[in-house]
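Colleague: I am new to this structure and would like to learn how to read it, feature by feature. Could you take me through it slowly, giving the general idea before the particular case?

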Amino acid sequence: MTVIDPETQAGWVPEAEVESDDTEDMPLSMRLSIADTLTLGNATCGFMAVYFTTTGILIPHLMGSDESGMARHSAATTVILMLCAAVFDLFDGLVARKLRSSPMGAELDNLSDLISFGLAPAYFVLVYGMVADDAHQRVAAVGAIVVLLAVVLRLARFSCVTLKDGVFQGMPSPFGALTVVSIVLLELPFVATVLAIIGTAWLMVSRVEYPKPRGPLAVAMLGWIVAAMGLLAAWAFDAPGGQLLLQTGCALQLVLAAVIPLFATARRVNHIRGNRRDARAAQLP
């Protein structure tokens, strides 16, 4: 029923009816899908990674605290949050393909990736340059900026360039972020650390092909993330052999970063050779 105000002659509609109409009139671009919710979880993990890096590593260092256990727990928590962000990033794409994605899904994904895999690892490198004994803060700041800009350029290129299905051009930003923090956690000499970080940034903006995590590869990636979380937890709680396990996991991450594109390149070369053989066979009488 509509009630007429005698002074304004304007119609009054019950509140429940107004809310219903607003929901129906909401543009599709403002409706979040399940995939978008997972993407927002990705952004939240990235922000919390920055928070734990600040409160658990940087601030105690600036206050002169000698409690190394707190810094170790915070560093482990930071990397675990980046791993959780990678899980959200993996599943939001799977859910979007199976169900649906809102019109702003791609933009949300890029913005979330920038926080979790651009800002968070770059900030981790910056803080490393401030707290490590043999580090040079300004040089570490340059390395952090290189990582951040590499992710920005990579995400921008990903939005503008159409690639063939099944591969990424350049190292994916989640894999690059985990490689960067693995380099820091390995505690290599400072110069080697900075060079490895810059090399990882170059791989992210390069034309080197990396396979997309689908099917068995997605399962393997998820298993590797869970194993990495276990290694970080063992290190954080000072379990027997935890330091060795962590360094082994970090070294394996670097090996995977270097080896995976070699497999993709070999597959591409074999595909080209196969096409040439087929073309030659078709020309024979």
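Predicted model: local features only at pLDDT ≥ 70, side-chain atom pairs only at ≥ 80, totals over all residues.

Colleague: How many residues does the chain have, and what percentage of them count as buried?

Modeller: The chain has 285 residues, and 39% of them count as buried. Its accessible surface comes to about 16100 Å², with 67% of that belonging to carbon and sulfur atoms. As for contacts between residues at least 6 apart in sequence, 79% of them join residues at least 24 apart.

Colleague: Which residues touch the most other members of the largest nonpolar core?

Modeller: The general idea is that in soluble globular proteins nonpolar side chains tend to be buried together. Here the largest nonpolar core has 43 residues, and those touching the most other members are Met82, Phe124, Leu185, Ile197, Leu232 and Trp235. Two or more residues of this core come from each of the elements α2 (34-62), α3 (68-98), α4 (105-131), α5 (137-160), α6 (173-185), α7 (190-205), α8 (216-236) and α9 (242-283). Apart from this core lies another, of 11 residues, including Ala150, Phe175, Ala201 and Leu203.

Colleague: Leaving aside its neighbours within four places in sequence, which residues is Met82 in contact with?

Modeller: With those neighbours set aside, Met82 is in contact with Ala49, Ser116, Phe117, Ala120, Pro121, Phe124, Leu178 and Val181.

Colleague: How many aromatic pairs are there, and how is such a pair described?

Modeller: A pair of aromatic rings is described by the distance of the centres and the angle of the planes. The count here comes to four aromatic pairs. One of them is formed by Phe158 and Phe168, a tilted pair at 6.1 Å centre to centre with 50° between the planes. Phe158 belongs to helix α5 and Phe168 to strand β3 (residues 167-169), so this pair ties together parts that are 10 residues apart in sequence. Phe158 is partly exposed at 42% relative accessibility, whereas Phe168 is buried at 15%.

Colleague: What are the values for the rings of Phe175 and Tyr210?

Modeller: Their centres are 6.5 Å apart and their planes stand at 50°, so the pair is tilted. Since Phe175 lies in helix α6 and Tyr210 in strand β4 (residues 209-211), the pair ties together parts that are 35 residues apart in sequence. Phe175 is buried, at a relative accessible area of 14%, and Tyr210 is buried at 2%.

Colleague: Which residue lies over the face of Phe168?

Modeller: That residue is Lys212, at 5.3 Å from the ring centre of Phe168.

Technical notes:
Residues numbered from 1 in each chain as written. Heavy atoms only, no water. Core = buried A, V, L, I, M, F, W, Y, C linked by side-chain atoms within 4.5 Å. Buried < 20%, exposed > 50% of the residue type's maximum accessible area, 1.4 Å probe, protein only. Helix = DSSP H or I, 4+ residues; strand = E, 2+ residues; numbered from the N terminus. Contact = heavy atoms within 4.5 Å. Phe/Tyr/Trp six-rings, centres within 6.5 Å; stacked < 30°, edge-to-face > 60°. Lys NZ or Arg CZ within 6 Å of the ring centre and 35° of its normal. Areas by Shrake-Rupley, 256 points an atom, 1.4 Å probe, with all protein chains shown as cover.
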